[in-house]
Structure formats: C-alpha cells, structure tokens
Amino acid sequence: NNINSIGLSRNHLFQSVENSLKRLKTNTIDMLVLNGWDSSVSFHETVKHLDELVKLDKIRYIGVCDMKGWQLQKFIDAAK
C-alpha cells in the first residue's frame, strides 16, 4: 500500500541499499542491479538517486536487467 516501499522510489532505493549493507556487513556494494523498469517513478529521479548513492560511496557500479533497449537508452541519456 505504501508507494515508497516498492520499486525505484528514493526511499525504497536508499532503504534497500542500507539493509543490504547491514546484512553484508560492509560499507559499499560493488554492484547494484536494477531488475526492470518502474513506470511509477520518473527515470530521471531514479538516475539522480542512484548518482547520490554512488557519491555517498554506498554503491560503486549500477547494472540493469529485464529492460528493453529504449528503456536502457533513456537511463543512459539521463545519466549524461
């Protein structure tokens, strides 16, 4: 019922990363993989929040799977 508890929203991304860091007992995740496209959140916002996580040294690299070519291209364009 809470939109911030699923998908690629800022709150969910940050909470998921923090939970993984605690579970893995580490300070940085080498690679965070996004499993699909989330049409409920602006991809520009998602890219911005992922950039924040990289700058905070919470994650090093970002990967994606289960995305169509045009969706991946939108992420690449937004990241530029």
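Lys-25 is exposed, with a relative accessibility of 77%. This residue of the predicted model belongs to the loop between α1 (10-24) and β1. Its phi is near 55°, a positive value in a residue other than glycine. Asp-66 also has a positive phi, of about 55°, although Asp-66 is not a glycine. Asp-66 sits in the loop between β2 (59-65) and α3, and its relative accessible area of 68% makes it exposed.

**Strands and crossover**

How do β1 and β2 pair, and over how many bridges? The two strands run in the parallel sense, and their pairing extends over 6 bridges. Within this pairing, Leu-34 has Val-64 in β2 as its bridge partner. Between the two strands the chain passes through α2, and this β-α-β crossover from β1 to β2 is right-handed.

Leu-34 itself is part of strand β1. Is Leu-34 buried or exposed? Its relative accessible area is 4%, under the 20% limit, and therefore Leu-34 counts as buried. Apart from neighbours within four places in sequence, Leu-34 is in contact with Leu-8, Leu-13, Leu-50, Ile-62, Gly-63, Val-64, Cys-65 and Phe-75. Lys-22 is 12 residues from Leu-34 along the chain, and the C-alpha atoms of these two residues are separated by 19 Å.

**The nonpolar core**

In soluble globular proteins, nonpolar side chains tend to be buried together. In this model the largest nonpolar core has 15 residues. Which residues have the most contacts inside this core? They are Val-17, Leu-34, Leu-50, Leu-53 and Ile-59. The elements α1, β1 and α2 each give two or more residues to the core.

The surroundings of Ile-59 can be listed in detail. With residues up to four places away in sequence not counted, Ile-59 touches Val-17, Thr-28, Ile-29, Leu-32, Leu-50, Leu-53 and Val-54.

Thr-46 is a residue of helix α2. Its relative accessibility is 1%, so Thr-46 counts as buried. Again leaving out residues up to four places away in sequence, Thr-46 touches Leu-8, Leu-13, Val-41 and Phe-75.

**Aromatic rings**

The model contains 4 aromatic pairs. One of them joins Trp-37 and Phe-43, whose ring centres are 5.8 Å apart and whose planes stand at 35°, so this pair is tilted. Trp-37 also pairs with Phe-75: these ring centres are 5.7 Å apart and the planes are at 80°, so the pair is edge-to-face. Which parts of the chain does the pair of Trp-37 and Phe-75 tie together? Trp-37 lies in the loop between β1 (29-35) and α2 (43-55), while Phe-75 lies in helix α3 (residues 69-79), so the pair links parts that are 38 residues apart in sequence. Ring pairs join Trp-37, Phe-43, Trp-70 and Phe-75 into a cluster.

| Residue | Relative accessibility | Class |
|---|---|---|
| Trp-37 | 25% | partly exposed |
| Phe-43 | 16% | buried |
| Phe-75 | 10% | buried |

Arg-10 lies over the face of Phe-14, at 4.1 Å from the ring centre.

Note on methods:
Residues numbered from 1 in each chain as written. Predicted model: local features only at pLDDT ≥ 70, side-chain atom pairs only at ≥ 80, totals over all residues. Heavy atoms only, no water. Phe/Tyr/Trp six-rings, centres within 6.5 Å; stacked < 30°, edge-to-face > 60°. Buried < 20%, exposed > 50% of the residue type's maximum accessible area, 1.4 Å probe, protein only. Helix = DSSP H or I, 4+ residues; strand = E, 2+ residues; numbered from the N terminus. Lys NZ or Arg CZ within 6 Å of the ring centre and 35° of its normal. Contact = heavy atoms within 4.5 Å. Pairing = 2+ DSSP bridges. Right-handed = clockwise from strand over helix to strand, strands pointing away. Core = buried A, V, L, I, M, F, W, Y, C linked by side-chain atoms within 4.5 Å.
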